[in-house]
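Please study the structure below before working through the exercises. Each task is followed by a solution in steps.

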Amino acid sequence: MKRAIFALAVLALAAVGGGAAYQAAVQRNYSTLLTRGDAALRDDQTFNAIEAYSGAIALRPDSMLAYLRRGQTYQRRGDRGDLDAAARDFRTAAKLDPSATRPLEVLGDVLYQSQLYPGAASAYERSVRLDDRSARVNYKLALSRYRDRDVSGALSAVK
């Protein structure tokens with residue numbers, strides 16, 4: 001009986017140690033993929049950057065940062081399909097970190113770029129609710145409302 005308890009304790013410790021080692025490896029690989037994506041983006045290799053960020057997302061699907069960076073890369077490519085993919089990634093990033101303003105701002109930028117002015121205004125409004133001190137986002141909110149022919153809404157955004 002004592003041997004069985006001892007064996008179970010050893011197995012439990014081995015499992016905990018293995019789990020910790022696995023998590024450390026995942027974190028190291030995740031960081032490496034983010035760094036690789038950043039380097040590819042600096043070299044204007046957007047396909048390689050998207051691949052690296054996608055790998056980081058596969059390792060850590062709860063990472064707001066990987067979704068944000070991949071979305072920014074899609075946005076940089078700029079065609080319609082890429083803008084849709086960027087908007088998807090920015091929405092996911094915003095859901096993963098509801099207190100982050102950056103995913104909301106860049107989501108608004110993509111929607112504005114796609115001439116989806118009501119959606120852009122909505123994203124900017126959410127960002128302003130989190131941080132009302134950003135003159136840049138308030139300006140973008142006003143401009144998207146103006147483009148949507150909401151002049152009074154535009155004026156209220158710049159007060």
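The exercises that follow concern salt bridges in this predicted model.

**Exercise 1.** Determine whether Asp 82 and Arg 77 are each buried or partly exposed.

*Solution.* Step 1: Asp 82 and Arg 77 form a salt bridge, with 3.3 Å between the closest N and O atoms. Step 2: buried means a relative accessible area under 20%, and exposed means over 50%. Step 3: Asp 82 has 10% relative accessibility and therefore counts as buried. Step 4: Arg 77, at 38%, is partly exposed.

**Exercise 2.** State which helices hold Arg 136 and Glu 105.

*Solution.* Step 1: the side chains of Arg 136 and Glu 105 meet in a salt bridge at 2.7 Å, N to O. Step 2: Arg 136 lies in helix 7 (residues 135–147) and Glu 105 in helix 5 (residues 102–113), so the pair links distant parts of the chain, 31 residues apart. Step 3: Glu 105 is buried at 4% relative accessibility, whereas Arg 136 is partly exposed at 49%.

**Exercise 3.** Explain why the pair Glu 125 and Arg 145 ties together parts that are apart in sequence.

*Solution.* Step 1: a salt bridge of 2.6 Å, N to O, joins the side chains of Glu 125 and Arg 145. Step 2: Glu 125 lies in helix 6 (residues 117–130) and Arg 145 in helix 7, so the pair ties together parts 20 residues apart in sequence. Step 3: Glu 125 is partly exposed, at 27%, while Arg 145 counts as buried, at 15%.

**Exercise 4.** Identify the residues that salt bridges with shared partners join into one network.

*Solution.* The network consists of Arg 102, Glu 105, Asp 109, Arg 136 and Lys 140. The structure holds eleven salt bridges.

Technical notes: Residues numbered from 1 in each chain as written. Predicted model: local features only at pLDDT ≥ 70, side-chain atom pairs only at ≥ 80, totals over all residues. Heavy atoms only, no water. Salt bridge = Lys/Arg side-chain N within 4 Å of Asp/Glu carboxyl O. Buried < 20%, exposed > 50% of the residue type's maximum accessible area, 1.4 Å probe, protein only. Helix = DSSP H or I, 4+ residues; strand = E, 2+ residues; numbered from the N terminus.
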